[in-house]
Amino acid sequence: MKRPVDNPPVTVVGAGLAGSLLAIVLARRGHRVRLYERQEDMRRVPLDAGRSINLALAARGIRALELAGVMDEVRPLLIPMPGRMLHDPTGKLTFVPYGQRPEEVIYSVSRPGLNCILLDAAERAGVELFFQHPAVGADFAGHQVMFRDEASQRIEECDMHRVFASDGAGSVLRRAMVEQLNIACTEELLEHGYKELTLPALPNGEPRIDKNALHIWPRGGFMLIALPNIDNTFTMTLFLSMTGPESFETLTTPANIEAFFSRHFPDVPSLMPELAAEFLQHPTGIMGTVRSQQWSVADRMLLVGDAAHAITPFHGQGMNCCFEDCRELDQFLLQSNDWSRSFREFETSRRPNTNAIADMALENYLEMRDTVRDPKFHLHKALSLELERRHPQRFVPRYSMVMFRDDIPYEVAYERGHIQVEILSALTTHADTLAAVDFAAAARMIEQRLPPLPN
Ligand SMILES: Cc1cc2nc3c(=O)[nH]c(=O)nc-3n(C[C@H](O)[C@H](O)[C@H](O)COP(=O)(O)OP(=O)(O)OC[C@H]3O[C@@H](n4cnc5c(N)ncnc54)[C@H](O)[C@@H]3O)c2cc1C
């Protein structure tokens, strides 16, 4: 559906994943769109090392990419990951499937690859792109946003007319909103940071570890993960405390880096000849959760994506959630000509869901680095899948609701997930195996506490 052309144009700030996708969606609806980006055009200049090279794409993200008409181009970049491959401290491997149907997989995708496809599609849809034009501030009383043209160093003032701020977790425009409009906003940094490393392919080009899995080395207080790339390399990410005896603060020499990996991940150093050098070269990233009490300012500005609600990466949902923002916002904009109302309704309906996925992401960190080592966790997983087989309309494991469904709001997944944990705990108090579970009691609890889900 196309709307009459809106004049003057709408402005999207930040040509990352959310901003590029949103620009396409708005342009395809008939709006004139200007997209401003701080950095150079990543299609011409390679991206800095150490910025989450690949990501897990799931159902919600795919649906939004379909809306933008780019899925045919994205598909060749996708590597299916049907489950987790757990690496224990002795090197023993255990594969734990994520779901139980063939379509229940998540996909590893290259961040720059995906972003470049979105930028190309934005250009084809008529979006005007301005690279090396960071937003440097905003004046909410005077209704202006300021950009700096890096080439000339000139400050350009732009009317604050339907500005979509998708400038990421450290959003300059959100911070201007918070300062000038006295909006409550928390930016909670995690005590843990992350570092990305490369696991190269073998000399014959083959992958060194199973390509169709998300690999995890869970070690309680910290963990290492690996996601596959198209060229048979893997991007490894170490999540570790920033301070303390075993932390990024103390891993500062090749000798102690190698000793740390040999102690905790003995199967890894032989796979990574450049381990210590890369470790010292690559930046240590920070992670956190942003919760802002307000995302919109009348019909003038709206925060979208990480700028509105950055979350920690442990559910692999940050990008998926940002893409879902774009799809839901599109629906609100289609329903009304009153932009201010659409912005308000979007944020009111969306915030409980982004809060829920923020909480689930934090909970998942504990699950990935620690709970997966507990035998009870594996019993609960197996029982969840069995209950889903027996009651597919009512009992869907929380992970599946979040990753494989695009029709269950995060908030609903969160609430039902809590009820399901209570049911699982009650059923396994005296049962150590599936065979010992009282399935008649399970059926009664499920009928009583979990209303049917949409088909
Ligand atoms: C280690 C890690 C792993 C992750 N893994 C996953 C995963 O597996 N799955 C998943 O779904 N999500 C994952 N995420 C989350 C995901 O990366 C983010 O949610 C997503 O990138 C947010 O998109 P965005 O466009 O809102 O912000 P960003 O991707 O940060 O894009 C913001 C853009 O705005 C630009 N910009 C910034 N400031 C300005 C300014 N002042 N003016 C103009 N432009 C500006 C930036 O250059 C950038 O291009 C991960 C995140 C991290 C840190």
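Please keep in mind that the model is predicted. The protein chain holds 14 helices and 19 strands. Its radius of gyration is 23 Å, close to the 23 Å that the globule rule gives for 455 residues, so the chain is as compact as a globular protein of that length.

**The chain as a whole**

- Along the principal axes, the C-alpha atoms of the protein chain fill a box of roughly 65 × 60 × 40 Å.
- Of the 455 residues in the protein chain, 55% are buried.

**Who surrounds the ligand**

- There are 31 residues around the ligand, and those that come nearest are Ala 18, Glu 37, Ala 56, Arg 111 and Ala 135.
- Sorted by class, this shell has 14 nonpolar residues, 11 polar ones and 6 charged ones.

- Ala 18 brings a backbone N or O atom to 2.9 Å from an oxygen atom of the ligand.
- At Ala 56, a polar backbone atom is 2.7 Å from an oxygen atom of the ligand.
- Asn 320 takes part through its side chain, where an N or O atom is 2.9 Å from an oxygen atom of the ligand.

**Strand β5 and its neighbours**

- Is strand β5 (residues 83-87) mostly covered or mostly open? Strand β5 is mostly covered, with 5 of its 5 residues buried.
- Strand β6 (residues 93-97) runs antiparallel to β5, and 5 bridges join the two.
- One of the pairings links Gly 83 to its bridge partner in β6, Pro 97.
- The hairpin of β5 and β6 has 5 residues between the strands, and Gly 91 in this hairpin takes a positive phi near 95°.
- β5 is also joined to strand β14 (residues 214-218), this time by 3 bridges and in a parallel arrangement.
- For Arg 84, the bridge partner in β14 is Leu 214.

Methods: Residues numbered from 1 in each chain as written. Predicted model: local features only at pLDDT ≥ 70, side-chain atom pairs only at ≥ 80, totals over all residues. Heavy atoms only, no water. Near = heavy atom within 4 Å. Polar contact = N/O pair within 3.5 Å; in protein donor to acceptor, adjacent residues only side chain to side chain. Nonpolar A, V, L, I, M, F, W, Y, C, P; charged D, E, K, R; others polar. Buried < 20%, exposed > 50% of the residue type's maximum accessible area, 1.4 Å probe, protein only. Helix = DSSP H or I, 4+ residues; strand = E, 2+ residues; numbered from the N terminus. Pairing = 2+ DSSP bridges. Rg over C-alpha atoms; globule rule 2.2 N^0.38 Å.
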